[in-house]
Amino acid sequence: MQFHLGGTLNAYTHLQPSKLITHVARNWGRENRYEVLHLGGGVGSNLDSLYEYKKGFSSQELLFKTYRLVVNAVKYTELVADIWFTESDLLSDFFSFI
């Protein structure tokens, strides 16, 4: 199983909802005979504090690859404009534009 884009707003961190979601996902995975719950890596695949936090759940590491490709840069920019991203985010090297 793949855990994807988990996060908690600062106002709710005291409730620790990510722990509940992870616990429920882990139980569901066991019941459905999945052997691995892949938490992903750090931000932008970096070996950062997020990566270290996730690595704290297991000493096992698995290779995981993703493609970061935007096929229609104009449409992508329209969709994300003024929502969450700043202009510098859109110009980062996180995605490849074709």
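Reader: How many aromatic pairs does a search of the whole structure find?

Author: The search finds two. Rings of Phe, Tyr and Trp (its six-membered ring) pair if their centres lie within 6.5 Å. This is a predicted model, in which local features need pLDDT of at least 70, side-chain atom pairs count only at pLDDT 80 or more, and totals for chains, interfaces and linings use all residues. Residues are numbered from 1 along each chain as its sequence is written, and side-chain values use heavy atoms, with hydrogens and water left out.

Reader: Why is the pair of Trp28 and Tyr34 called stacked?

Author: The planes of Trp28 and Tyr34 make an angle of 25°, and their centres are 5.6 Å apart. Planes under 30 degrees apart count as stacked, over 60 as edge-to-face and the rest as tilted, so 25° gives a stacked pair.

Reader: What makes the pair of Tyr53 and Phe57 edge-to-face?

Author: For Tyr53 and Phe57 the angle between the planes is 90°, with 5.4 Å centre to centre. The angle is over 60 degrees, therefore the pair is edge-to-face.

Reader: Why is Trp28 called partly exposed?

Author: Buried means under 20% relative accessible area, exposed over 50%, and partly exposed in between (1.4 Å probe, protein chains only). Trp28 has 44% relative accessibility, so Trp28 is partly exposed.

Reader: What do the values say about Tyr34, Tyr53 and Phe57?

Author: Tyr34 has 45% and counts as partly exposed. Tyr53, at 48%, is partly exposed, and so is Phe57, at 47%.

Reader: What share of the residues of the protein counts as buried?

Author: Of its 98 residues, 12% count as buried.
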